[in-house]
Amino acid sequence: MPRKATTKAAAPKAAKKEAPKRTAPMKPQVYLQYDANQVEIEAVVAAAKAAFKAEKGRVAIKSCDIYLKPQEGAAYYVINEDFTGKIDL
């Protein structure tokens, strides 16, 4: 005897609740203004990291301290507590 095909009724799927979309945290733009000059701080950080990478290659950056000296028109940095340098602003 041939078997009768049975069909299962599709159970209604529970409506998925959409998770609220997370927005990226706001990243402030920080500038140093002195005399008639203006310097974006993020650019100073990027320049310090680029100088480190150019000399040390793929060594991981674990710490980065930057000291701004507008009266000298310079920023001094210390990366990983031993690599130092100067950036002209």
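Before you click anything, here is one term for the tour: a salt bridge is a side-chain nitrogen of Lys or Arg within 4 Å of a carboxyl oxygen of Asp or Glu. Also keep in mind that what you see is a predicted model.

**First stop: a charged pair**

Select Lys-27 and Glu-42. They form a salt bridge, with the closest N and O atoms 3.9 Å apart. Lys-27 sits in the segment before E1 while Glu-42 belongs to helix H1, so this pair ties together parts that are 15 residues apart in sequence. Now show the surface around them. Lys-27 is exposed, at a relative accessible area of 60%, and Glu-42 is partly exposed at 42%.

How many salt bridges are there by this rule? The count comes to 3, so let's visit the others.

**Second stop: the other bridges**

Pick Lys-69 and Glu-72. Here the closest N and O atoms of the salt bridge are 3.3 Å apart. Both partners are partly exposed: Lys-69 has a relative accessibility of 28%, and Glu-72 has 43%.

Then jump to Lys-86 and Asp-88, another salt bridge, where the closest N and O atoms lie 4.0 Å apart. Asp-88 counts as exposed, with 60% relative accessibility.

**Third stop: the whole chain**

Zoom out and switch to a cartoon view. Trace them from the N terminus and the order reads β-β-α-β-β-β.

Colour by burial next. Of the 89 residues in the chain, 18% are buried. The chain exposes about 8100 Å², and carbon and sulfur atoms supply 53% of that area. As for how the chain meets itself, take the contacts between residues at least 6 apart in sequence: 27% of them join residues at least 24 apart.

Which residues build the largest nonpolar core? Select Leu-32, Tyr-34, Val-39, Val-44, Ala-48, Phe-52, Ala-75, Tyr-77, Ile-79, Phe-83 and Ile-87, and you have all 11 of them. Colour your selection by element of structure and look at where the residues come from. Strand E1 (31-34), helix H1 (41-56), strand E4 (74-79) and strand E5 (83-88) each supply at least two residues of this core.

Stay here and centre on one member, Phe-83. What does Phe-83 touch, apart from its neighbours within four places in sequence? Its contacts are Ala-51, Phe-52, Glu-55, Lys-56, Tyr-77 and Val-78.

Go to the loop between E1 and strand E2 (37-40) and select Asp-35. Asp-35 is not a glycine, yet its phi is positive, at about 45°. Is Asp-35 buried or exposed? Asp-35 is exposed, with a relative accessible area of 81%.

Finish in the loop between E4 and E5, where you'll find Glu-81. Glu-81 also has a positive phi, near 60°, in a residue other than glycine. Glu-81 is exposed as well, with a relative accessible area of 71%.

Key
Residues numbered from 1 in each chain as written. Predicted model: local features only at pLDDT ≥ 70, side-chain atom pairs only at ≥ 80, totals over all residues. Heavy atoms only, no water. Core = buried A, V, L, I, M, F, W, Y, C linked by side-chain atoms within 4.5 Å. Buried < 20%, exposed > 50% of the residue type's maximum accessible area, 1.4 Å probe, protein only. Helix = DSSP H or I, 4+ residues; strand = E, 2+ residues; numbered from the N terminus. Contact = heavy atoms within 4.5 Å. Areas by Shrake-Rupley, 256 points an atom, 1.4 Å probe, with all protein chains shown as cover.
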